[in-house]
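Have the viewer open while you read.

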Amino acid sequence: MTDLETWLKRATRSLSIDSAAQVRAEIEEHFAASREAAMRDGASGDEAGCQALAALGDAGAANRQYRRVLLTAREARYLRERGWNPEADYRHGWLRWFVSFWGVAAAGAGIWAWIAKPALSEGPAFLTGVLLLSAVALGLYGLPMFVSLFTPKRSRIYRAMRLAFMLCIIILGLIAFKPSTWWILSVTLGPALWAEWTRMSIRRKMPADRWPKHLYL
Amino acid sequence: MNFKGALPTLILETLAQQPCHGYAIAQQIKERSRGVLDFKEGTLYPALHKLENEGLVESFEEMENGRTRRSYRITRAGRGVLARDRNEWRELSQAVNAILGEA
């Protein structure tokens, strides 16, 4: 294995197949140009190769920077496995009715519980909170079914609202539950937060005009 | 010299002169700074990809000496960011010069 091959193997570690191929092509091209220039300056083939490789620097450092700007294997797999098109899926009328019905029902019950607080003997605040939060969650997650959010500006506002809601849920959960039961929170909210983090990372690495529809949400 | 944070601005400045490929960008930065701004060339491409993701540069393929090479050019948004960065740098260097000049 050549020194350049070793360098490339380290620099492309954990990157997706496409990203790794892109890195490989650009570095090989760069290495060839750098080596030719060194040979024009009088270096032998081996010396020129060593100089060109030294100029590239540490492969580990390059890998860390590449992983910040190019899709990793995990992110590429996420995109492949979640290739749904919300624009098409949300057209189903029954889904809209389902969300609307339960959203209005939760909001109505929450408002009723709020008004009837003194009449409820146990946990009225908790019940009201859960019902109203459910209504907000249904409204927020159902919004893309009623409003087209597939523009960068609209989707940014929507995602900011959803992130703020998720943070509220976490804070309320930490307040409402005892520390010994926080693991329930991490089990239920952890996967959602992890997915959100992955999606944020992918959005940062792709120009908006190349986003699949589901990344807008 | 460590100029990590300034690399994207230097790339934009180089591409504002003319479109070029990665190796030429690295050489121009080194030559124009008379070798003072020396950096590891493996870190140039991540910076270029970041600029491309942000829509500040765009890449295209061109033939050179019978070889296909990926070259980069600055976009309109990139020129806007470069103008802003130039002003910021001017203000910063004037402020630092004013302090160092007093010493």
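## Starting from one leucine

Skip its neighbours within four places in sequence, and L48(B) is in contact with I11(B), G22(B), V57(B) and Y72(B). Contact here is a geometric call: the C-beta atoms of the two residues, placed from the backbone, lie within 7 Å. Before going further, note that this is a predicted model, where local features need pLDDT of at least 70, side-chain atom pairs count only at pLDDT 80 or more, and totals for chains, interfaces and linings use all residues. Residues are numbered from 1 along each chain as its sequence is written, while chains are lettered from A and ligands numbered from 1 in the order in which they are written.

## The cores

L48(B) is also one of the residues that touch the most other members of the largest nonpolar core, along with I11(B), L15(B), L44(B), L51(B) and V57(B); that core has 18 residues. The elements of chain B that give two or more residues to this core are α1 (7-17), α2 (22-32), α3 (44-53) and β3 (67-74). The most comes from α3(B), with five residues. A second, separate core has 16 residues, including V23(A), L56(A), A59(A) and L71(A).

Some bookkeeping on terms. A nonpolar core is a set of buried Ala, Val, Leu, Ile, Met, Phe, Trp, Tyr and Cys residues joined through C-beta atoms within 7 Å. Buried means 20 or more other C-beta atoms within 10 Å of the residue's own, exposed means 12 or fewer, and partly exposed is in between, with C-beta atoms placed from the backbone. Helices (H or I, at least four residues) and strands (E, at least two) are DSSP runs, numbered from the N terminus. As background, nonpolar side chains tend to be buried together in soluble globular proteins.

## The sheet in chain B

Chain B has four helices and three strands, in the sequence pattern α-β-α-α-β-β-α. The strands make an open sheet in the order β1-β3-β2 (chain B), with antiparallel pairing. Because β1 (20-21) and β2 (57-64) of chain B stand at the edges with a single partner strand each, one side of each has no neighbour in the sheet. Pairing takes at least two DSSP bridges between two strands.

How many bridges join β2(B) to β3(B)? Eight, with the strands running antiparallel. M63(B) has T68(B) in β3(B) as its bridge partner. The hairpin of β2(B) and β3(B) has two residues between the strands, and N65(B) takes a positive phi near 50 degrees there.

α1(B) lies across β1, β2 and β3 of chain B, at about 105 degrees to β3(B). α3(B) packs on the sheet too, touching β2 and β3 of chain B, and its direction makes about 120 degrees with that of β2(B). Those angles run from 0 to 180 degrees between N-to-C directions, with axes fitted as lines to C-alpha atoms, for helices over the stretch in contact.

## Chain A and the meeting of the chains

Chain A has ten helices and zero strands. Its radius of gyration is 26 Å, whereas a compact globule of 217 residues would have one near 17 Å. That radius is taken over C-alpha atoms, and the globule rule is 2.2 Å times the number of residues to the power 0.38.

Here are the C-alpha spans along the principal axes:

| Chain | Span |
|---|---|
| Chain A | about 90 × 45 × 25 Å |
| Chain B | about 55 × 30 × 20 Å |

Buried residues are 17% of the 217 in chain A and 28% of the 103 in chain B.

Where the chains touch, 14 residues come from chain B and 21 residues from chain A. On the chain B side, α2, α3 and β3 each supply at least two residues, and α3(B) gives the most, with five residues.

## Confidence

The complex gets an ipTM of 0.84 and a pTM of 0.78 from the predictor. For chain B the mean pLDDT (the predictor's confidence in each residue, from 0 to 100) is 88, and 94% of its residues reach 70 or more. Within chain B, confidence is highest in α1(B), at a mean of 94, and lowest in β2(B), at 88.
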